[in-house]
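Here are my notes on this one, point by point. Have a look at the model first, then read on.

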Amino acid sequence: MNNKLKTLVIVESPAKAEKIQSFLTNDYIVMASKGHITELAKGGKHGIGVNIDNNFKPHYVLSDDKVNVLDALLNAGKKCDMILLATDDDREGTAISWHLSERLKDLDKPMKRVKFNEIKKAKILKAISSPEEIDMNVVHAQEARRILDRLVGFTASPFLMQFFGNNLSAGRVQSVVTKMVVDREREIESFVPEDFYTIQVSLKKDVEFQMKFADRITDKNEADKIKNKLSNTKYIVSESISKDEEKYPLPPLITSTLQRLMSKLYGISADRTMKAAQALYELGFCTYIRTDSVRASDEAIEDVREFLKNKNLNIPKKPYVYKNKDASQDAHECIRPSDLNIEPKNNYSIIDPDEKLVYETIYNYFLASQMVPAIYSTLKITAHPINEPKLLVKASGKALKSKGFLEVLGINDESKIEIPMLNKKDELELFGNDPVKVEKKQTQAPPRFSEDKLIKFLEDKSIGRPATYAELLSKITSRNYVEKKGSVFHATELGKKITDVLDKFFTFMDYNYSSNMEHELDKIEHGKLDHVQMLKNFYPSYKKELERAYIDNGGTICDKCGNPMSVRVVKASGVKFLSCSNFKFCKNTKNLS
């Protein structure tokens with residue numbers, strides 16, 4: 001009997017490997033690469049592991065902790081007829097597949113790419129039956145991002161450390177996120193409150209209720225004049241609008257909205273959310289959790305509508321079709337449960353508290369996305385003193401009439417309409433001893449960012465990618481550029497200092513410039529821009545900015561490798577000289593005089 005294993009399937013995590021292996025026959029062996037097996041080297045110009053002068057060719061080396069992993073994969077590959085690369089279906093996963101193919105190509109075995117967005121037997125079998133080639137455009141997009149990050153991180157960080165203190169770092173996106181918090185802090189510090197006045201009028205028709213003067217008043221004398229005109233008179237209703245308003249559900253969750261909801265509802269950080277979501281995905285509870293797409297498959301929509309009907313929950317006549325802001329972000333489905341029959345309230349196999357809450361959120365928001373809207377009864381009243389038709393007072397209210405999708409989200413909206421049902425031309429009387437009250441107020445400074453609001457701001461500005469938000473927020477906090485007090489981020493003095501320095505010299509700190517770079521990476525992924533050309537467009541101007549930063553701060557640039565030169569001392573004589581900071585690879589020195 002031939003016990004030869006015919007196909008090696010390589011995924012990223014051991015948990016995922018174990019789950020997928022349970023779906024397959026003994027003709028397959030599923031193994032894990034445990035993430036990236038290679039990394040950029042740290043040699044050459046600037047120590048970035050990239051040959052800038054040769055079309056930015058990167059030099060990859062096997063990670064020290066992946067030697068045994070690669071050996072195991074090579075040994076297994078020798079016994080197989082074919083290798084399937086089934087890493088995550090995103091830029092990082094595609095790059096991992098390509099690096100694996102480069103390391104395993106000497107086995108001379110056919111290698112194909114396998115893609116799926118949920119760990120479900122039917123999906124896995126379908127993906128394996130239709131393997132494809134590695135999409136090199138996606139690989140180049142990941143590589144361009146990696147090189148950009150190295151170019152900035154490995155050159156701007158030494159600049160900061162040489163002139164402004166040890167253990168400082170800069171990052172192409174990290175520093176821009178820090179700037180967002182710093183800019184908001186500066187807005188708050190420079191904010192000058194302005195006085196304004198509100199006028200509340202107590203009125204009566206059968207019951208008492210309050211209305212507010214419609215216009216904003218910034219002058220005390222003006223407020224007093226208006227108060228006098230609103231006093232000692234009858235009022236007449238000029239407009240009464242009563243109608244039902246529909247509130248529609250949110251689209252299914254994407255990475256950023258999942259992170260925002262978990263922060264807002266439960267105070268769970270983006271980092272904790274992504275760890276829990278990754279575990280749920282690897283165990284087969286939900287679809288892939290790094291996605292910008294709100295689209296669900298036709299099959300998934302049919303399933304959820306049938307499920308809701310069986311639960312006697314109302315659904316619209318036709319399914320909702322949600323569209324993405326950017327058509328290029330449609331590579332994946334939304335985040336949704338893999339099996340609707342695994343209901344959060346009945347599921348006991350998820351033990352981790354974070355995972356339970358994340359799963360419940362994914363599950364309930366997917367159900368809600370295909371349910372009928374909530375219906376609110378609303379009432380809006382406008383009135384004015386009988387002899388002053390231009391002095392309008394207004395009041396409004398709403399009350400929940402039909403829960404709709406709010407039912408599955410467990411939201412109990414107990415708002416009430418606290419004004420009576422009035423008709424146009426109804427007469428109203430002032431009520432109470434002091435029926436017209438003027439209140440002085442002040443404008444408020446913009447609020448500091450909560451994690452929810454900061455992620456929303458990043459998304460609106462198209463800076464970074466949702467999959468990286470958790471890491472970015474964790475990094476700028478751990479480096480003490482910002483600190484989290486309660487639920488909001490405060491800029492530290494260190495964060496302000498390095499932001500001011502970087503902002504002075506580097507274009508990548510501009511919000512629009514950073515956003516455009518992200519769009520260019522998207523173009524590379526979709527074959528609309530050459531990745532080498534993108535890097536060639538970026539580097540010359542960035543290099544000039546870096547040189548100006550050094551020179552303006554009294555530094556010197558190495559004329560051989562382009563790295564900064566630093567002052568060193570001969571121990572024996574105490575003589576000082578300039579030495580290239582990249583001294584492991586460049587021995588250039590200069591007499592200090």
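1. Of the 593 residues in the protein, 49% are buried (under 20% relative accessible area with a 1.4 Å probe, protein chains only). Keep in mind that this is a predicted model, where local features need pLDDT of at least 70 and side-chain atom pairs count only at pLDDT 80 or more, while totals for chains, interfaces and linings use all residues. Residues are numbered from 1 along each chain as its sequence is written, and side-chain values use heavy atoms, with hydrogens and water left out.

2. On the overall layout: the protein has 17 helices and 21 strands, taken as DSSP runs (helices H or I, at least four residues; strands E, at least two) numbered from the N terminus. Its C-alpha atoms fill a box of roughly 90 × 80 × 40 Å along the principal axes. Among contacts (heavy atoms within 4.5 Å) with a separation of 6 or more, 72% join residues 24 or more positions apart.

3. Now the core. The largest nonpolar core has 133 residues, and Phe116, Phe159, Phe506 and Tyr542 touch the most other members. A core here is a set of buried Ala, Val, Leu, Ile, Met, Phe, Trp, Tyr and Cys residues joined through side-chain atoms within 4.5 Å. Helix α5 (residues 136–164) gives this core its largest share, 10 residues. Leaving out residues up to four places away in sequence, Phe506 touches Phe159, Tyr542, Glu545, Leu546 and Ala549. There is also a second, separate core of 23 residues, with Ile199, Tyr235, Ile381 and Leu428 among them.

4. Helix α8 deserves a look from two sides. Its axis comes within 11 Å of that of helix α11 (residues 353–368), crossing at roughly 115°; axes are lines fitted to C-alpha atoms over the stretch in contact, and angles run from 0 to 180 degrees between N-to-C directions. On the α8 side, Leu258, Leu261, Met262, Leu265 and Tyr266 make the contact, and α11 brings Leu357, Val358, Thr361, Ile362 and Tyr365. By class that is 9 nonpolar, 1 polar and no charged residues (nonpolar being Ala, Val, Leu, Ile, Met, Phe, Trp, Tyr, Cys and Pro; charged Asp, Glu, Lys and Arg; the others, Gly among them, polar).

5. What about α8 (residues 255–266) with α13 (residues 451–460)? They pack at about 160° with axes 8 Å apart, and are therefore roughly antiparallel (over 145 degrees). Ser256, Gln259, Arg260, Ser263 and Lys264 of α8 meet Glu451, Asp452, Ile455, Lys456 and Glu459 of α13. This contact has 1 nonpolar, 3 polar and 6 charged residues.

Terms used: Angles under 35 degrees count as roughly parallel, over 145 as roughly antiparallel, 65 to 115 as roughly perpendicular and the rest as oblique. Buried means under 20% relative accessible area, exposed over 50%, partly exposed in between (1.4 Å probe, protein chains only).
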